[in-house]
Amino acid sequence: MDVTHATLVEAAKSWGLFYLIGFSICVIIYTFWPANRELFDRAKKGILDKDDQPWT
Amino acid sequence: MGQLTTRERDLAAAILLVLAIVGIAMAAAGRFDPIGVHGAIVLLYSLGLLYLIMSSSFGPPPDPSRISRYYDDPIKVGVWFTLLWAIFGMFIGVWAAAQLAWPSLNFDTAWASFGRIRPAHTTGVIFGFGGNALITTSFHVVQRTSRARLADQLSPWFVLFGYNLFCIVAVTGYFMGVTQSKEYAEAEWYADLWLVIVWVTYFVLYIRTLARRREPHIYVANWYYLAFIVVVAILHIINNLTVPVSLGHAKSYTIWPGVQDSMVQWWYGHNAVAFFLTAGFLAMLYYYLPKRAERPIFSYRLSILSFWGITFFYMWAGSHHLHYTALPHWVQNLGMTFSVMLLVPSWASAGNALLTLNGAWHKVRDDATLRFIMMAAFFYGLSTFEGSFLAVRPVNSLSHYTDWTVGHVHAGALGWVALITYGSLYTLVPAIWKRERMYSAALVEVHFWLAFAGTVIYVFAMWNSGIIQGLMWRTYTGEGTLAYSFVDSLVAMYPYYIARAFGGLLFLIGAVVATYNIWMTVRGVPALAERHEDVPVAAHLADGAATGPAE
């Protein structure tokens with residue numbers, strides 16, 4: 001198959017679009033997945049810890 | 001470097017010897033070419049570091065308890081690199097600005113002509129100042145958020161000194177007329193190859209440190225740092241695929257032909273803004289803002305959504321630099337559309353930052369450091385809005401090739417990048433050197449107002465001159481001829497160029513004040529009494545014995 005300008009245009013205008021839509025759906029699912037809430041809350045508050053030593 | 005083990009010193013010496021030999025080879029092969037001068041610089045740089053390694057190699061062995069602490073020595077050196085590059089880069093910037101108003105300031109020399117000092121300015125501030133700030137803060141943030149010490153003690157030094165060698169070779173090359181003529185990628189092939197080695201080491205070090213983390217979740221700041229490291233590597237390699245004339249010759253030719261070269265260059269150029277000047281600095285925002293405000297980020301989930309938005313939208317925006325060119329129209333449309341969409345994740349980040357401060361505005365009023373960070377978030381919102389706007393093709397027809405673009409870049413570089421960096425440094429320095437506070441809060445306040453006033457003067461001057469330029473270039477007479485010559489527009493720029501140089505000068509003075517303040521903090525402010533409730537007494541004593549000069 002020849003990769004021409006038309007091939008690239010087609011890939012960009014169709015598959016590129018679907019890929020980005022699919023990707024954004026995955027990101028939204030990950031972000032709002034209920035089981036992740038606890039992890040995110042912990043990450044959000046954890047950095048304010050005054051402790052300044054590595055954990056072993 | 002006092003914590004290096006004998007084995008690490010041997011390895012460092014071996015690396016430096018190899019580098020010194022490479023330097024000699026470059027100097028010999030390129031003796032009739034600027035690459036020979038660079039060979040001499042590489043040789044002197046590696047011998048200087050070798051002397052540092054050797055002269056301390058018979059000191060006492062490192063304290064075994066160091067493993068139970070964070071490795072902050074490279075961060076301390078990185079802070080000085082950052083501050084010195086800021087002064088150098090901004091000084092060259094003020095000089096370049098002054099040349100536009102008073103052209104005789106090039107003193108009729110080749111090395112000080114505008115075309116050579118301009119890349120010295122951009123590389124000095126973006127890579128010298130910005131890059132060192134990113135490496136330095138990333139070493140701090142990744143350790144604290146992972147609760148783990150850096151994966152080893154040698155590669156942080158390799159990354160830091162190797163990166164600065166790249167910056168030195170790049171900047172000295174411009175003064176000699178060495179350039180690839182690619183915006184933000186002016187350094188020639190041998191410097192580029194060296195940067196690839198340094199950058200891959202940086203990536204491996206970062207991943208290894210993350211792999212040692214004690215926290216189950218990787219904090220969002222690390223995502224941004226990692227995006228910065230990975231994408232800059234990809235951009236740098238693809239845009240710098242060149243064939244050198246010979247191994248003893250600085251000049252190289254790119255493998256990309258014609259319009260592809262323009263596209264690759266601006267895909268690189270815009271993503272350099274996105275991943276060098278945005279992603280990494282957003283990482284600073286997401287760590288140092290909550291730390292300084294002592295409040296968690298407004299919405300962690302929003303930070304994740306905007307991370308993926310920024311990462312995946314920015315990749316496609318580069319073609320907006322090539323409106324009305326030979327680039328296919330649909331590619332221009334693609335770049336324009338993605339640039340407009342970028343406003344969503346950009347404002348999500350800026351809004352997230354400002355909403356974090358809700359309930360802490362009294363701290364913003366009292367604490368100039370937090371005000372630096374707040375104002376950076378504000379300018380981030382402002383310049384991303386302006387960027388989306390300028391990317392729209394009809395707007396671009398007015399703004400392109402004018403000073404409006406320069407004003408936009410500096411709203412981002414001064415207002416966002418530099419302000420967030422200084423806000424982060426004022427938070428980082430007392431923490432790393434274990435000082436209770438900065439030497440002088442008043443000087444931080446002075447720096448804030450110098451930086452803020454300088455940015456506003458600069459940006460307003462460029463807005464005015466840019467729009468006047470754009471309008472003069474497109475004004476026609478009743479007979480259908482251009483109303484103004486190019487020189488007419490140049491004469492109209494004169495007052496704005498003076499104002500711009502003055503704004504830059506204020507910003508430069510602020511950078512000098514910051515350096516003095518940080519120097520005095522390290523020298524003079526008493527150390528914080530360390531809290532060690534959860535450490536055995538023996539470890540506490542060993543700690544006290546190890547407290548000496550930082551390096």
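User: Which residues of chain A does the UniProt annotation "transmembrane region" cover?
Analyst: According to the unreviewed UniProt entry, that annotation runs over residues 16-35 of chain A. UniProt positions follow the numbering used here, with feature names shortened, and annotations may be inferred rather than shown by experiment. A word on the model: it is predicted, so local features need pLDDT of at least 70 and side-chain atom pairs pLDDT 80 or more, while totals for chains, interfaces and linings use all residues. Residues count from 1 along each chain as written, with chains lettered from A and ligands numbered from 1 in written order.

User: What makes residues 16-35 of chain A helix or strand?
Analyst: Helices are DSSP runs of H or I with at least four residues, and strands are runs of E with at least two, numbered from the N terminus. Over residues 16-35 of chain A, the chain is 85% helix and 0% strand.

User: How many residues of chain A are in contact with chain B, and what is meant by contact?
Analyst: Contact means that C-beta atoms, placed from the backbone, lie within 7 Å. By that rule, 19 residues of chain A touch 26 residues of chain B. Helix H1 (5-32) and helix H2 (36-46) of chain A each give at least two residues to the chain A side. H2(A) brings the largest share, 7 residues. The chain A side holds 12 nonpolar, 4 polar and 3 charged residues. Here Ala, Val, Leu, Ile, Met, Phe, Trp, Tyr, Cys and Pro are nonpolar, Asp, Glu, Lys and Arg charged, and the others, Gly among them, polar.

User: Why are H8(B) and H11(B) called roughly parallel?
Analyst: The axes of helix H8 (residues 258-293) and helix H11 (residues 343-356) of chain B cross at roughly 10° and come within 10 Å. Axes are lines fitted to C-alpha atoms, for helices over the stretch in contact, and angles run from 0 to 180 degrees between N-to-C directions. Under 35 degrees counts as roughly parallel, over 145 as roughly antiparallel, 65 to 115 as roughly perpendicular and the rest as oblique. H8(B) and H11(B) are therefore roughly parallel. Residues making their contact include Leu282(B) and Leu285(B) from H8(B), and Ser349(B) and Ala353(B) from H11(B). By class, this contact has 6 nonpolar, 2 polar and no charged residues.

User: Why are H16(B) and H17(B) roughly antiparallel?
Analyst: Helix H16 (residues 441-473) and helix H17 (residues 486-524) of chain B pack at about 160°, with axes 8 Å apart. That angle is over 145 degrees, so H16(B) and H17(B) are roughly antiparallel. Their contact divides into 23 nonpolar, 11 polar and 2 charged residues.

User: What can you say about H3(B) and H4(B)?
Analyst: The axes of helix H3 (residues 73-101) and helix H4 (residues 114-146) of chain B come within 8 Å and cross at roughly 155°. This makes H3(B) roughly antiparallel to H4(B). Their contact has 19 nonpolar, 11 polar and 1 charged residues.

How values were computed: Contact = placed C-beta atoms within 7 Å.
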